[in-house]
Amino acid sequence: MHKLVVSLSLFAIFIHSVFGDCTWPNGTDIGKHWWQLPSSIFNIYGLLNTNSQGQQEYPIHLNAPVLAILYVNNTGPVIRQVQVDIDLAEWNPSNCKWNTIPTFGLLSNLNGCSIGISCPIPQGNKILKVTIDFSQFQAIIGLLKNDAAYQMQITLTNQATGDKIVVFDQARAETN
Ligand SMILES: *[C@@H]1O[C@H](CO)[C@@H](O)[C@H](O)[C@H]1NC(C)=O
Ligand SMILES: *[C@@H]1O[C@H](CO)[C@@H](O)[C@H](O)[C@H]1NC(C)=O
């Protein structure tokens with residue numbers, strides 16, 4: 001019996017070291033992880049998530065509006081009209097992959113100036129607030145697993161130039 005336990009634990013360690021720990025990607029069990037795709041005209045140097053009362057909480061709650069607060073440096077032109085597209089994925093710990101959650105177009109082609117961003121976005125440093133609200137879409141919320149890792153990909157498009165600014169935000173979230 002003891003031998004069996006030892007060999008099972010060794011096997012577990014072996015699996016763990018060969019395949020990595022798949023449970024929570026990028027340390028999302030204890031804190032959020034984010035990054036921006038390279039851009040020569042727009043630098044995001046900070047990203048916080050808060051609830052609609054402005055409080056930071058972890059895990060975050062996707063069944064209520066979530067604010068993404070972006071600390072940005074716009075080194076390109078002033079952005080007058082900004083389109084926002086949000087893609088959502090849920091982590092699958094059994095195959096170590098992100099599964100795209102269908103959002104039925106409800107979170108695509110949004111007018112950034114009407115979901116929290118104060119437009120225009122001037123050159124230089126600025127704090128942008130983007131309200132992400134899945135809670136109004138029961139069709140989406142009903143698909144989500146409680147207490148899992150989620151990835152929100154937020155794409156901001158300068159409608160005048162077509163330039164895209166892409167940021168990934170991974171966090172542990174509760175949905176009920
Ligand atoms: C973890 O974060 C890095 C960027 O810091 C990203 O390239 C990578 O794809 C992320 N891993 C997962 C599993 O999402
Ligand atoms: C913002 O970008 C400009 C132009 O590159 C630079 O001069 C300035 O130092 C940057 N500000 C911050 C806080 O990084």
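Colleague: By class, how many nonpolar, polar and charged residues does the shell around ligand 1 have?

Modeller: In this predicted model, the shell around ligand 1 has two nonpolar residues, two polar residues and no charged residues.

Colleague: And which residues are around ligand 1?

Modeller: Pro25, Asn26, His33 and Trp35 are the residues around ligand 1.

Colleague: Let me pick out Trp35; which strand does Trp35 lie in?

Modeller: Trp35 lies in strand β1, which covers residues 33–36.

Colleague: Why is Trp35 classed as partly exposed?

Modeller: Trp35 is partly exposed because 13 other C-beta atoms lie within 10 Å, whereas a residue counts as exposed at 12 or fewer and as buried at 20 or more.

Colleague: How far apart are Trp35 and Gly46, in sequence and in space?

Modeller: Trp35 and Gly46 are 11 residues apart in sequence, and from C-alpha to C-alpha they are 9.2 Å apart in space.

Colleague: Switching to the open sheet of three strands, what is the order?

Modeller: The order of that open sheet is β2-β4-β8, and the pairing is antiparallel. At the edges stand β2 (42–51) and β8 (124–132), each with a single partner strand, so one side of each is left without a neighbour in the sheet. On average, and with direction ignored, neighbouring strands of this sheet are turned by 20° against each other.

Colleague: How many bridges join β2 to β4?

Modeller: Nine bridges join β2 to strand β4 (residues 66–74), and the two strands run antiparallel.

Colleague: Which residue in β4 does Asn43 stand opposite?

Modeller: Asn43 stands opposite Asn73 in β4.

Key: Residues numbered from 1 in each chain as written. Chains lettered and ligands numbered in written order. Predicted model: local features only at pLDDT ≥ 70, side-chain atom pairs only at ≥ 80, totals over all residues. Near = placed C-beta within 6 Å. Nonpolar A, V, L, I, M, F, W, Y, C, P; charged D, E, K, R; others polar. Helix = DSSP H or I, 4+ residues; strand = E, 2+ residues; numbered from the N terminus. Pairing = 2+ DSSP bridges. Axes fitted to C-alpha atoms, helices over the stretch in contact; angles between N-to-C directions.
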